[in-house]
Amino acid sequence: MHLRDRLARIDIHGAPYFFIAPFFILFGIFGAFPLVYTLWVSLHDWSLLGGNEGWVGLENYSELLADGYFWNSLLNTFAIFLIATIPQLIAALALAQVLNSSLRALTFWRIGVIIPCATSVAAVGIIFTMMFARDFGVVNWLIGLVGVEPIAWNQERLPSWIAIATMVDWRWTGYNALILLAALQAVPKDLYESARLDGASAARQFWSITIPMLRPTLMFVVTVSTIGGIQLFTEPLLFNPGANSITGGDTRQFQTSAMYVVEQAFTGQRFGYAATIAWILFVVIVVVSLVNSLLVRRIRSVD
Amino acid sequence: MMSSLAACGGDSDDESGKDVTLRVNLFGKFGYADLYKQFEKENPGVKIVETAEGDLGKYNTQLTQRIAAGTGAGDVVAIEEGQAVNFLASADKFVNLQDHGANDLKDQYLPWKFEGATTADGSTTIGLGTDVGGLAMCYRRDLFEKAGLPTDREQVAALWPTWDAFIATGQKFQAGMKGQKSKFIDSATNTYNSILMQGADHTYFDKDGELVIESNPAIKTAWDKALEMDEMGISAELKSFSPEWNAGFKNGDFATIACPAWMTGYIKDQAGDANAGKWDIATVPGGAGNWGGSWLAVPEASENQDIAIKLVKFLSSADGQLAAFNAVGNLPSNPTLYDDPALKEATNPYFSDAPVGQLFVAGAANLEPVFLGAKNQPVRDAVENSMRAVENGKRSPSEGWSTAVKDAEKVAG
């Protein structure tokens with residue numbers, strides 16, 4: 001009897017841990033271990049092929065703080081992130097509103113907005129790079145119609161940021177719109193009905209009902225966009241095809257921090273230093289995500 | 001492992017126990033398709049799968065990554081000139097071909113080619129030579145004619161015994177084109193590399209591995225000469241291997257490009273059939289030079305080392321090198337072939353029947369080895385990047401040079 005009791009107890013108290021264990025085991029192997037190992041590598045002089053070449057303590061970190069190219073890459077990353085994310089979220093919200101109304105062929109439109117997300121990022125990169133090409137690009141042709149001089153999109157700083165942000169938005173606006181749409185549909189209709197009875201305008205309904213009800217979803221969307229934005233890599237890489245694409249332009253005008261990690265690790269073969277940048281980048285993402293969630297939390301809840 | 005696989009499959013076929021798939025990782029064009037077929041025929045049960053990456057920088061990054069990880073590099077890999085010293089520093093990651101008879105094959109290669117993939121103490125050889133990048137100058141006959149310059153390759157060669165004469169010819173060309181879009185050279189960087197590789201027996205690093213970018217006069221000389229061309233307005237300012245540069249071969253955006261033997265295959269691909277006969281080849285200013293060239297190596301992590309070594313020997317043999325030359329124009333590193341009529345008398349119909357054998361072989365025989373340090377690639381990237389920034393008007397030449405030196409010092413560590 002005792003054994004049975006004990007087994008029953010283990011069953012009741014232990015089973016939940018057993019069921020969630022796979023996640024934690026996988027997270028431990030693929031999440032926590034690399035994180036800790038990267039930290040370990042960052043405290044060493046570590047060459048890619050030669051391996052560990054000795055403990056250097058925080059030397060890599062102090063070098064990083066004085067590294068102008070790192071700060072340059074962080075500036076690029078944040079600039080592209082802001083230029084991409086703010087219009088993207090506004091557009092996604094607007095799209096979600098439209099898709100939430102009674103359109104003809106609604107399913108068609110809803111599937112339509114997600115298609116860019118399903119296209120390969122390499123294809124997007126190549127097509128957009130051609131569209132933004134200096135000599136034969138369609139964008140320069142279009143702005144030429146209204147009398148604007150052709151722009152060397154991938155050579156100037158701000159234009160390159162805008163072009164890369166466009167690529168990001170092209171892929172992710174629809175995805176975010178669908179997530180927001182799902183949340184919109186969960187907003188109880190009677191809230192709007194009673195607001196209308198009270199004489200609330202459409203704008204008032206939007207700000208006082210829709211936005212607060214979307215708060216958790218907005219938080220999710222903002223956090224995911226932040227992580228994606230700070231880790232931005234492929235789009236700017238493809239925007240600089242040919243020799244030396246990892247530097248993000250001749251004067252590093254659009255090299256993101258993720259690109260700088262790869263440049264240091266594989267072109268420079270400085271694995272320890274690259275690990276340092278990766279760790280600092282991780283810290284930056286955590287801090288920015290916290291700030292974001294504080295900001296989003298300021299949105300008044302409905303109740 | 002093979003026997004266990006066969007057991008698992010329950011296959012009663014006698015051959016199945018010997019089935020091996022050899023993975024060959026290369027960049028660009030090596031022209032091995034027919035050689036693979038021959039090797040597969042002579043070695044039943046062997047199947048060869050080649051992956052070729054078009055972008056050398058990307059290839060080097062991936063290869064380094066996979067060699068460092070000890071997995072995924074395949075059974076046979078190509079090591080490019082600029083990476084050899086880097087991999088020699090980790091020679092234990094590759095099969096030492098001296099344990100497999102490489103010393104007996106030594107005479108097959110130009111001495112410096114063999115030494116280039118051998119450690120300084122002479123004990124380990126990680127790769128066998130394929131091609132060398134003997135330099136010539138490819139030019140567009142049709143554009144030369146338009147600009148009122150001679151088109152015959154002997155006369156063209158006579159226009160530019162030196163790089164100064166080359167620049168003067170460029171100015172004449174540009175004047176003759178009367179404002180049309182075509183420029184004389186593709187970019188400052190390619191010309192810079194050609195001049196640099198002719199200039200000394202080492203470039204950014206001396207043989208002790210010290211960065212000498214400021215004290216080696218060959219670098220500043222090549223830098224100034226290349227940027228002089230840009231200032232003269234004779235450069236199309238196109239970035240190597242970019243889509244615009246690729247399109248430039250077809251559209252005639254530039255009339256000349258310094259071309260190592262291996263580039264003839266690339267030009268033919270990019271310019272396409274429509275431009276057959278418009279290109280020709282003359283000797284390069286300033287005498288012979290070398291740009292590129294490779295070795296084939298077997299990673300230590302390969303599970304099929306014996307048959308992979310056999311394939312490396314086969315591909316890098318005289319017959320293999322000649323077949324690759326015929327397929328894509330890569331210049332053999334085997335000097336016995338230099339007297340072989342099959343190479344010496346070869347012409348390239350795409351390049352107006354230019355006597356490529358003669359042109360490239362003449363240069364190859366006099367080639368002097370150029371020592372490239374372990375960090376050659378990142379330093380070269382940094383310098384070229386800064387040069388492009390000057391070309392695009394983002395920096396003055398003196399700012400560009402100081403940035404190049406600063407960046408080089410940084411990446412050289």
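The dialogue below takes up helix pairs and then the interface.

Tutor: This is a predicted model, in which local features need pLDDT of at least 70, side-chain atom pairs count only at pLDDT 80 or more, and totals for chains, interfaces and linings use all residues. Residues are numbered from 1 along each chain as its sequence is written, with chains lettered from A and ligands numbered from 1 in the order in which they are written.

Student: How are two packed helices described?

Tutor: By the angle between their axes and the distance between the axes. Axes are lines fitted to C-alpha atoms, for helices over the stretch in contact, with angles from 0 to 180 degrees between N-to-C directions. Helices are DSSP runs (H or I, at least four residues), numbered from the N terminus.

Student: At what angle do the axes of H10(A) and H13(A) cross?

Tutor: H10(A) (residues 215-230) and H13(A) (residues 271-297) have axes that come within 10 Å and cross at roughly 155 degrees. The two helices are therefore roughly antiparallel, a term for angles over 145 degrees. Among the contacting residues are Leu218(A) of H10(A) and Val288(A) of H13(A); contact requires C-beta atoms, placed from the backbone, within 7 Å.

Student: What of H11(B) and H12(B)?

Tutor: Their axes come within 7 Å and cross at roughly 80 degrees, so H11(B) and H12(B) are roughly perpendicular (65 to 115 degrees). Asn246(B), Phe249(B) and Lys250(B) of H11(B) meet Ile267(B), Gln270(B) and Ala271(B) of H12(B).

Student: How many residues of chain B are in contact with chain A?

Tutor: 27 residues of chain B contact 17 residues of chain A. H17(B) gives the most to that side of chain B, seven residues.

Notes:
Angles under 35 degrees count as roughly parallel, over 145 as roughly antiparallel, 65 to 115 as roughly perpendicular and the rest as oblique. Two residues are in contact if their C-beta atoms, placed from the backbone, lie within 7 Å.
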